[in-house]
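Q: I'm new to this one. Can you walk me through it?

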Amino acid sequence: MAFQDFAILSERRRNERKEKVRKRVIFGVLSSILLVCVIGAATFVLVNKTGSENNVNKKPTTTSSEDAKVQHYLKTIKTICTSTEYKTKCEGPLSEEVEKDPKLAQPKELLRLSIKLAEDEINKAFNKTTSMKFESEMDKGAYEDCKQLFDDAREELGFSISEVRKNDLKKLSTRTPELNNWLSAVISYHQTCIDGFSNEELKNELKKLFEDPQEFVSNSLAIVNDMSSFLSTLQPGVTRHLLSEKIDDFPSWIGDADRRMLKAADDKPTPNVTVAKDGSGNFKTISEALASVPQTYTGRYVVYVKEGIYDEKVIVTKRMENLTIYGDGSQKSIITGNKNYADGVRPFQTSSFVVLGDGFLGKAMGFRNTAGPEKHQAIAVRVQADRTIFVNCRFEGYQYTLYAQTHRQFYRSCVIAGTIDFIFGDAAAVFQNCIMQVRKPTENQQNTVTAQGRYQKQETTGFVLQKCQIKADDTLVPEKDKIKSYLGRPWKEYSRTIVMESEIGDIIHPDGWLPWAGNFALNTLYYAEFNNTGPGANTNARVNWVGRKVINKEEASKFTVGSFLNGTWISGRGVPAQLGLYN
């Protein structure tokens, strides 16, 4: 082979080797590109898979967080509702509201919601009554009474909601007495409405209709008291009272002007107007004097009633707050009337004297209903107003003499005379240093001093007789061995009456207490006696009911003026208002 051929061959071989190298490079590049693509695809799949898994995991995490919040809300509601009697009407409705607005899951807001729900239920119930048919004039009149009572209930629920809204949780513990006062009155208004009807079918229909509203209000009362108990443990100084001391002071709601007015039995403050039957005053009738009371005034408006018997129905209306009526003595300046049930007047409307205006002070006045025992229910005085005081007054009647209807009431050194249930109602009332005179009833009747009407367990109402005398009127003395007389009987399911440090005469039957009808309320009432004296105070033969008991000093202290009327007390002089127990 020639050298030239060899050269050509060598050149060809070099070219072939170059081609192989180029192919290898191309293959390598393509392989690398392919590998990168595979890796990229794999990475994309992995990232997406991981992302999907993360998203899956994130969703349960969010749900878990929301569930935790819901569980926290439910736990808060369950705690708030712990002490309520009607839990399904507490937990369920509150939970529904919180689901709509989780911000409401706070104790204060839940309390407000509870009261608002009660208000809604009352409105529903009342709207249903508009379609009811009332046949008799008595029932038509009773419905008119109901309308006013429902307005009162709505107003006081409004007060309660406003009180909760404007105070922080800490301050609410000091406002508990007001909330208890208003909410207890709302329950009482319902019962007063029902009691006004003579038709039993109507009564039962209304009782069923008002069941839900009353239970909602009861729940609100339970929440108020439970919350207050908890907060008071954090602020023990807020509600502490020196109950063992004897202090001649007055509740916090008795202002300085009132204290001055209570200074002495014969103290006569300067009147704004004077009433005199002989024309020597500004007016001849008390009603005319009250009609002249200004729409607005500051301080206390004083009406002086000169000696005389004033036969007129007198009403201290709601607008007449902080009104004083005083006379020349309880057997000299007398308001009288004779309206009664036997003559076709509804018991609610038989009162000779009615107090609706808060802060009323009555002093050295007499009040009568002269209808007599044969006329059945005939009220001398009906008191619906809050922070009411009667001092050195006299209440005379027979059945239903004094209707202590609602709110906080204080009676000092008064005489109350009657026969059947002659002190009745659903107020938180303390009778201190008073004389209960039991009169002669008609044939085959028995006497009962009290008939307290607490309807729900959560109500903060009841009657307290402290340092009183329970004795026979002169008309009863010759017949006292023939006629049975008792300390009281239960008008409603949770009737509560306490007789303590009082002198009980021999007119009181050894049983002490009388049933209302069969076993009604015998397992739910609260009747207590403490440190009483006199022949009728022996408790060895008392009725053996679950709620009837002899209590100790610690328990009795709960029903003193200081504790039961929920007032902080301020030093002052005047008619003694014992803060705690006498001994």
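A: Let's start with one residue. His 407 counts as buried because its relative accessibility is 7%, where buried means under 20% relative accessible area, exposed over 50% and partly exposed in between, with a 1.4 Å probe and protein chains only.

Q: Where is His 407 found?

A: His 407 is in the loop between strand 13 (402-404) and strand 14 (408-412). Strands (E, at least two residues) and helices (H or I, at least four) are DSSP runs, numbered from the N terminus.

Q: And what is the phi of His 407?

A: Phi of His 407 is near 70°, a positive value in a residue other than glycine. Most residues other than glycine have a negative phi.

Q: Which other residue has a positive phi although it is not a glycine?

A: Ala 364 has one, of about 55°. Ala 364 lies in the loop between strand 8 (361-363) and strand 9. Ala 364 counts as buried, because its relative accessibility is 11%.

Q: Before we go on, what kind of model is this?

A: This is a predicted model: local features need pLDDT of at least 70, side-chain atom pairs count only at pLDDT 80 or more, and totals for chains, interfaces and linings use all residues. Residues are numbered from 1 along each chain as its sequence is written, and side-chain values use heavy atoms, with hydrogens and water left out.

Q: OK, the whole chain now. How many helices and strands?

A: The chain has 12 helices and 26 strands. Of its 583 residues, 51% count as buried. The chain exposes about 27300 Å², and carbon and sulfur atoms supply 51% of that. Those areas come from the Shrake-Rupley method with a 1.4 Å probe; for residues, only the protein chains shown count as cover.

Q: Which side chains of strand 21 are buried?

A: They alternate along strand 21 (residues 469-472).

Q: How many residues of strand 20 are buried?

A: Strand 20 (residues 462-466) is mostly covered, with 5 of its 5 residues buried. Gly 462, Val 464 and Gln 466 point one way, and Phe 463 and Leu 465 the other way.

Q: Which strands are joined to strand 20?

A: Strand 17 (residues 428-432) is joined to strand 20 by 5 bridges, and strand 23 (residues 496-500) by 4. Both pairs run parallel. Phe 431 stands opposite Leu 465, and Gln 466 has Met 500 as its partner in strand 23.

Q: Last topic: cavities. How many of 30 Å³ or more?

A: The count comes to 5. On a 1 Å grid over the protein atoms alone, a cavity is a set of points where a 1.4 Å probe fits but cannot get out; lining residues have an atom within 4 Å of a point. Points are joined across faces, edges and corners, and a volume is the space filled by probe spheres set on them.

Q: And what lines the largest cavity?

A: The largest cavity has a volume of about 90 Å³. It is lined by 13 residues, and Asn 180, Asn 181, Arg 408, Ala 428 and Thr 460 lie nearest its centre. Helix 6 (residues 176-195) gives the most to this lining, with 5 residues.

Notes:
Pairing = 2+ DSSP bridges. 1 Å grid on protein atoms, 1.4 Å probe; cavity = no way out; pocket = protein on both sides within 12 Å on 5 of 7 lines; lining within 4 Å.
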